2 protein chains.
Amino acid sequence: MTQTQLRFGILGCANIVRKVSRSMLSSPNITISAIGSRSLEKAIAFASECQFPESTKLYGSYGAVLDDPDVDAVYIPLPSSLHLHWAVLAAQKKKHVLLDKPVALNVGELDVILAACEASGVQFMDATMWMHHPRTAHMKEVLSDEQRFGQLTMVHSVFTHMSDEYFLKNDVRVKPDLDALGALGDNGWYAIRAILWANDYELPNTVTAFRDPVYNDAGVLLKCGGSLNWYKNGKVATFYYSFLSNICMDIMVHGTKGNLRVHDFVIPFNEKVGSFYAVSDSKWTERSLGCDPEPSEVKVATDVPQEALMLREFGRLVAGVRSGEAKPETKWAVISRKTLLVIDAVMASINNGFVPVEVIY
Amino acid sequence: MTQTQLRFGILGCANIVRKVSRSMLSSPNITISAIGSRSLEKAIAFASECQFPESTKLYGSYGAVLDDPDVDAVYIPLPSSLHLHWAVLAAQKKKHVLLDKPVALNVGELDVILAACEASGVQFMDATMWMHHPRTAHMKEVLSDEQRFGQLTMVHSVFTHMSDEYFLKNDVRVKPDLDALGALGDNGWYAIRAILWANDYELPNTVTAFRDPVYNDAGVLLKCGGSLNWYKNGKVATFYYSFLSNICMDIMVHGTKGNLRVHDFVIPFNEKVGSFYAVSDSKWTERSLGCDPEPSEVKVATDVPQEALMLREFGRLVAGVRSGEAKPETKWAVISRKTLLVIDAVMASINNGFVPVEVIY
């Protein structure tokens, strides 16, 4: 086992593990060392279904994974109400932490997790896959090109999906004791992250929720949205997230000189190639009979899916820490924290009659 | 001169007349009978530049056009502060009224105009061209198809353009005494109309302006946006309009079963064909590795530009009135009035600290 080999333990048999473990298995530097479920039978069946190697240790508890000395890092896709407990414990057991979104129920909880990671000197990263698609870097280049895009003026982001009856009755994301943030912590996480990403993670001054939240009977948010304001430069952003609308994953970024649109930012329609659309210096044609140029499609190919690239980035950071050449990278913790700060503000705005809520780092 | 021949008088030499008159000249049933400007010299030069026929009467006042018995209808592209006076006078002189947007500075003014039209039995229509593009009807078919689109859940609309220094100093749309509504009355008119159109003109319960308006030194709005709420069914809409952002003319409509996007709704990129993008029943693929299907482009060709189709619709309605077979169609007046009601509410929200403002027809 070389230092560059990253041995993962997985907590739980969430659906998303089917996707992430596929990329773990195809990554040469990653081993799935262990998986734990509350039920050993479930872990056995799941490992078999996902074709984990025979060497993968199967446990009937999460704690056993954390106690395994052959586990360097844990992937935690548990319901968010369990993150505080298990992420802190993982850090205390000196495991690097790849934590699914929403990383915690609020910033207070996240700060406890981050403090535990810092105290143990382990790497923290959230598992927001689209951040690692090469398209995301390409889009950022366009947005950063002053000649092409000018100054950013507005961002609108949407992440919706239509839930079936089974989801609305049974999914952890609609259970107040499991994922209390509901659609805000799930789809909203991505939409808000997209806005922060486009704004180079400059936090807004205020966040105002729209006056239309929809809750389920248990009081969990199924749909809402809001607006963000940056007073200094007049920038604004809006976002919309919902479990009750056909799948949509759009970012529209407006600049003084250009626009950028992407229609599948969370999960590309096609695993091998992601598109976005950009246009610069749009002008009315003569007598305003038309508009020129039309937006152009930019295709970004990737042989490696975005979740594998996420694992690669996490592995790179962990390798630096393990070799002693680097301290844990705090960039991802800062980005997670800012995302959750905005989510906290959305909740505060809703709970206070949709007033604007200040965001303070 | 047959009854089906519509003889237009034009008030003023606004830029937009270059576009609209081109379609008047190419419409077999339309004659440009007269044009009036505050300066006869300007009218002469403009008529020459636009290649009006020699038979077009050129006047050094707007009033002379209204007094001309050879004028059946007037096209009024004057600054909106002049609409109340000239549209009322036109109606009183029994001229049918094609009125540019924003049709008035507020609903109170519009109601005076509409009352004058009703009293004289003349047709009223606003000159919102995209309403008449065949693409608009095609898009409405998609939105109305319950199997394909389900119930509408959310609409986002944007109309922005980037102004140069000349525009920001000199254009009538930034002058408080000419177009006091600024970007709200211009770009905002279209964005708000798009939302109402998508919602079958069902007025929202409340309108809330975003907290980020930008004004010029004279106090005219250059940029803002807002959100609309329908309490009964939880629908929401957002819009953004600006003179300070690269051209963008988007409508995104979300439904429980489908989405619809259009990127050039106000003025199509291409005069001969307008595209939109629709998708239904989007699903995650296996292991959520992708999303299927991708939106499809729908191309709608038109030999006749949307402004000519607008003139054709206006001509059709006027012909009905003139033949005595029909009363003036009130549909367009109702749509204009609803658009302006929302604009009034946006202004009221801004002026009252961005509170939600109720919209009552």
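Visitor: Where in chain B is the place of B:P293?
Guide: In this predicted model, a cis peptide bond with omega of about -5° joins B:D292 and B:P293. As background, most residues other than glycine have a negative phi, and most peptide bonds are trans. As for its place, B:P293 is in the loop between strand 16 (291-292) and strand 17 (296-301) of chain B.

Visitor: Is B:F354 buried or exposed?
Guide: B:F354 is found in the loop between helix 12 (331-351) and strand 18 (357-358) of chain B, and its phi is near 70°, a positive value in a residue other than glycine. A residue counts as buried if 20 or more other C-beta atoms lie within 10 Å of its own. Around B:F354 there are 21 other C-beta atoms within 10 Å, and B:F354 is therefore buried.

Visitor: How many other C-beta atoms lie within 10 Å of A:K94?
Guide: A:K94 is not a glycine, although it has a positive phi of about 70°, and its place is in the loop between helix 4 (83-92) and strand 5 of chain A. A:K94 is partly exposed, and the number of other C-beta atoms within 10 Å is 14.

Visitor: Are helix 4 of chain B and helix 5 of chain B roughly parallel or roughly antiparallel to each other?
Guide: In chain B, helix 4 (residues 83-92) and helix 5 (residues 107-120) pack with their axes 8 Å apart, at an angle of about 10°. Angles under 35 degrees count as roughly parallel. Helix 4 of chain B and helix 5 of chain B are therefore roughly parallel.

Visitor: How many nonpolar residues are in the contact of helix 4 of chain B with helix 5 of chain B?
Guide: Helix 4 of chain B brings B:H83, B:L84, B:A87, B:V88, B:A91 and B:Q92 to this contact, where they meet B:E109, B:V112, B:I113, B:A116, B:C117 and B:S120 of helix 5 of chain B. Of the residues in the contact of these two helices, 3 are polar and 1 is charged, while the number of nonpolar ones is 8.

Visitor: What arc do the buried residues of helix 6 of chain B cover around the axis?
Guide: In helix 6 (residues 134-144) of chain B, the buried residues are B:R135, B:T136, B:M139 and B:L143. They lie on the same side of helix 6 of chain B, because the arc that they cover around the axis is only 100°. On the other side of helix 6 of chain B, the exposed residues are B:A137, B:E141 and B:S144.

Visitor: Which strand of chain A gives the largest share of the side that touches chain B?
Guide: The contact takes 52 residues from chain A and 53 residues from chain B. Among the elements that give two or more residues to the side of chain A are helix 1 (15-26), strand 7 (152-162) and strand 12 (244-255) of chain A. The largest share of that side is 9 residues, and these come from strand 12 of chain A.

Visitor: What is the relation between chain A and chain B?
Guide: Chain A is superposed on chain B by a rotation of 180° with 0.0 Å of shift along its axis, at an RMSD of 0.0 Å. Because of this, the relation is that of a two-fold axis.

Notes
Residues numbered from 1 in each chain as written. Chains lettered and ligands numbered in written order. Predicted model: local features only at pLDDT ≥ 70, side-chain atom pairs only at ≥ 80, totals over all residues. Axes fitted to C-alpha atoms, helices over the stretch in contact; angles between N-to-C directions. Helix = DSSP H or I, 4+ residues; strand = E, 2+ residues; numbered from the N terminus. Parallel < 35°, antiparallel > 145°, perpendicular 65-115°, else oblique. Contact = placed C-beta atoms within 7 Å. Nonpolar A, V, L, I, M, F, W, Y, C, P; charged D, E, K, R; others polar. Buried ≥ 20, exposed ≤ 12 C-beta atoms within 10 Å, placed from the backbone. Arc of directions from axis to C-beta. Least-squares fit on C-alpha atoms with pLDDT ≥ 70 in both.
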